[in-house]
Amino acid sequence: MQQLIDRIQRDGVIKPGGVLKVDSFLNHQIDPALSYDMAKEICALYEGEKIDKVLTIEASGIGLAVMTGYLLGCPAVFAKKGMSANISNDVYSAEVYSFTKKVTKQVLVSKEYLHAGERVLIIDDFLAKGEALNGLIKIAAEILQQRTGVVTNLDKEDEALKTI
């Protein structure tokens, strides 16, 4: 999506270690108009497909997943990065290495929110090394008969980003 590439080139910052900082418009502060336009493009890719849930991982994928779920008319579900007091012990889980935090975390989705036979669209905000995306695919594969698709906004190795 050219609009996202333009925004990254204008406002994105490459931090030491190759971490792309997009806090000002995608994850610490979210530009709703940009997220809406991105979600519309995702929905166009899956026009005519039945999608029951949108699945992402906390935290920066949540905004886009919610906007996409809204446009698709379905809930957005996100994998939590660790157990908390408000999640049951009955969960799907996967280990995911965080490229930005340099740690491995257990990501969890409560079994009450994903069910066999549902068609799930997996959204990851950015593809750095594919760890988060692989974790979400593992969780989906554990229960679902099929996933509808997988979307990542942009591969951080994309040539269009090398000019930042």
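In the predicted model, Y70 is exposed, with a relative accessible area of 65%. This tyrosine, Y70, is placed in helix α4, which spans residues 62-72. Together with Y36 and L71, Y70 makes a nonpolar surface patch of about 320 Å².

In contrast to the exposed Y70, T56 counts as buried because its relative accessibility is 1%. T56 belongs to strand β3, formed by residues 53-57. When residues up to four places away in sequence are left aside, the contacts of T56 comprise G61, I62, A65, V77, F78, A79, I123 and L136. Two of these partners, I62 and A65, fall within the range of helix α4, residues 62-72.

Buried positions were also found in helix α1, which covers residues 2-11; they include L4, I5, R7 and I8. These residues lie on the same side of α1, because the arc that they cover around the axis is only 165°.

The cysteines were examined for covalent pairing. A search of the whole structure returned 0 disulfides. C43 takes part in no disulfide, and the nearest cysteine sulfur to that of C43 belongs to C74, at 8.2 Å. A disulfide requires sulfur atoms within 2.5 Å, and the separation of 8.2 Å between the sulfur of C74 and that of C43 is therefore too far for a bond.

Conventions:
Residues numbered from 1 in each chain as written. Predicted model: local features only at pLDDT ≥ 70, side-chain atom pairs only at ≥ 80, totals over all residues. Heavy atoms only, no water. Helix = DSSP H or I, 4+ residues; strand = E, 2+ residues; numbered from the N terminus. Buried < 20%, exposed > 50% of the residue type's maximum accessible area, 1.4 Å probe, protein only. Contact = heavy atoms within 4.5 Å. Patch = residues over 30% accessible without salt bridge, like charges linked within 9 Å, V, L, I, M, F, W, Y side chains within 5 Å. Areas by Shrake-Rupley, 256 points an atom, 1.4 Å probe, with all protein chains shown as cover. Salt bridge = Lys/Arg side-chain N within 4 Å of Asp/Glu carboxyl O. Arc of directions from axis to C-beta.
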